[in-house]
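Trainee: I would like to learn how the terms used for a structure follow from the values behind them. Can we go through one?

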Amino acid sequence: MATLVLDNGAYTAKIGYSQEKVSVIPNCQFRSKTSRLKTFTANQLDEIKDPSGLFYILPFQKGYLVNWDVQRKVWDHLFGKEMFKVEFADTSVVITEPYFNFTSIQESMNEILFEEYQFQSALRINAGSLSAHHYFHTKPSELCCLVVDSGFSFTHISPYCRSKKMKEGISRINVGGKLLTNHLKEIISYRQLHVMDETHVINQVKEDVCYVSQQFYKDMEIAQMKGEENAVMRDYVLPDFSSIKKGFCKPREEMVYNGKYKTGEQILRLANERFVVPEILFQPSDIGIQEMGIPEAIVHSIQSLVDYTYIPFVALCAHIGHIFTLSLPPYVFNIILTGGNTLFPGFRERLEAELRSLVPAHLPVSVLLPANPICYSWEGGKLLAHSPDYDEMVVTREDYEENGHCICEEKFDI
């Protein structure tokens, strides 16, 4: 039986058979202002000739799957003849869901997977659990890890011990890629050019030019300088979707510091915007979100486990702050970074430096950034599908038809 692994994220769906490579596809529908009557689904975005003023129709809102009509259309496209040609009668599916997902959403997903698509078996699981499985599979001698998943809607900090999810230690920060893009739109619209309807373009700007500052106040001083002294400033050429299909950052040597460009290109000049937007991940209070940044949330996550007296984590607490002083073996606490926001240049280094400032000098801190943090959890699902325990973890269609949602909740609570 074939196994289809679907990391069903709020921004992109990572999908592929367990014996094949992954495909990263937008998990939404689109309408463009030039062809309002036509709806484009998932990777049909490439067919839109003019993506300016693109309208997104998202199945997820605030991190949870609520628009099933859109999600069905996306899945129909992914499972259909144009994409993966799924033979449901001979296919098992591994699909991700958010932490602490609502029961009503879980039941709807069960019904759609088993009754509408008629998969032979299914496994609902958190993306962080797949990432942890990937980590423990590659490093079987490790005892514990902590997964930082900074995605489209949220940033989750999730500790795992011997592949078991420690629910009491899971923390959520309500900052994700969507908020960062929206904030960048507001800054640019206030300072330079109205771009509030250009989510697709500004998201590309964010990915191309933003970075995490290692010395925020020093970079802020540099960003206020004039001319060539301003090493932070960059000029971004916006696409016109005729001669320029995709925006790009001008090389430093081609920048015009005084006067206008003669080429007629539409330019965005970005200075402190480049680093103040990703800074929200570390200082949400900068824009009025009264929550912890990622480093503090990591410390809080482990402190929560100490409060619940999880013995394996008590040993690790000495490695993350002034929490416990114990004569224990020197465990190394590994933090795995996943999700699109971890791709910002300098993200790993900044997080490691801030954790280092919270940790006694003699204790190790290890922050790991995988080669492809966006697909790391999908790779974990691929490994899980080949695990000898996989058949015991899934719910078959026969089990579901006989026992309903009860059997799903019994098996999927992992």
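Trainee: Which residue is the bridge partner of Tyr236 in strand 16?

Mentor: In this predicted model, Tyr236 has Cys249 of strand 16 as its bridge partner.

Trainee: What makes strand 15 and strand 16 a pair?

Mentor: Two strands count as paired if there are at least two bridges between them. Strand 15 (residues 234-237) and strand 16 are joined by 2 bridges, so they meet that condition. They run antiparallel.

Trainee: In what order do the strands of that open sheet stand?

Mentor: The order is 16-15-17, with antiparallel pairing among the 3 strands.

Trainee: Why are strand 16 and strand 17 called edge strands?

Mentor: Strand 16 (248-249) and strand 17 (267-270) each pair on one side only.

Trainee: What packs against the buried residues of helix 5?

Mentor: Strand 15, strand 16 and strand 17 do, along with helix 4 (177-191) and helix 7 (273-276). The buried residues of helix 5 (residues 199-209) are Val201, Ile202, Asn203, Val205, Lys206 and Val209.

Trainee: Where is Phe241, and why is it called buried?

Mentor: Phe241 sits in the loop between strand 15 and strand 16. Its relative accessible area is 13%, and buried means under 20%, so Phe241 is buried.

Trainee: Where is Lys62, and is it buried or exposed?

Mentor: Lys62 lies in the loop between strand 7 (60-61) and strand 8 (64-65). Exposed means over 50% relative accessible area; Lys62 has 72%, so it is exposed. Phi of Lys62 is also a positive value, near 50 degrees.

Trainee: What is the order of the open sheet of 6 strands?

Mentor: The order is 3-2-1-9-10-20, and the pairing is mixed.

Trainee: How do you know that the pairing is mixed?

Mentor: Take strand 1 with two of its partners. Strand 1 (residues 2-8) pairs with strand 2 in the antiparallel sense, over 5 bridges. With strand 9 (residues 91-97), strand 1 runs parallel, and 5 bridges join them. Both senses occur in this sheet, so its pairing is called mixed.

Trainee: Which residues stand opposite each other in these pairs?

Mentor: Leu6 stands opposite Ile15 in strand 2, and Leu4 has Val93 in strand 9 as its bridge partner.

Trainee: What makes strand 3 and strand 20 the edges?

Mentor: Strand 3 and strand 20 (395-396) each have a single partner strand, so one side of each has no neighbour in the sheet. The partner of strand 3 (residues 23-26) is strand 2; the two run antiparallel, with 4 bridges. Ala13 is opposite Ile25 in strand 3.

Trainee: Why is strand 2 said to be covered on both faces?

Mentor: Thr12, Lys14 and Gly16 are buried on one side, and Ala13, Ile15 and Tyr17 are buried on the other. For strand 2 (residues 12-17), 6 of its 6 residues are buried.

Trainee: Which residues have the most contacts inside the largest nonpolar core?

Mentor: They are Ile298, Phe347 and Leu351, in a core of 48 residues. This core draws at least three residues from each of domain 2 (137-174 + 289-368) and domain 3 (177-280). Another core, of 41 residues, lies apart from it and has Ile25, Cys28, Ile57 and Phe60 among its members.

Trainee: How confident is the predictor in this chain?

Mentor: The average pLDDT of the protein chain is 87, and 90% of the residues score at least 70. Residues 309-331 have a pLDDT below 50, though this stretch has 50 contacts in the model beyond near neighbours in sequence. Where pLDDT is low, the predicted coordinates should not be read in detail.

Notes. Residues numbered from 1 in each chain as written. Predicted model: local features only at pLDDT ≥ 70, side-chain atom pairs only at ≥ 80, totals over all residues. Heavy atoms only, no water. Core = buried A, V, L, I, M, F, W, Y, C linked by side-chain atoms within 4.5 Å. Buried < 20%, exposed > 50% of the residue type's maximum accessible area, 1.4 Å probe, protein only. Domains from an automatic or database assignment. pLDDT = per-residue confidence, 0-100. Contact = heavy atoms within 4.5 Å.
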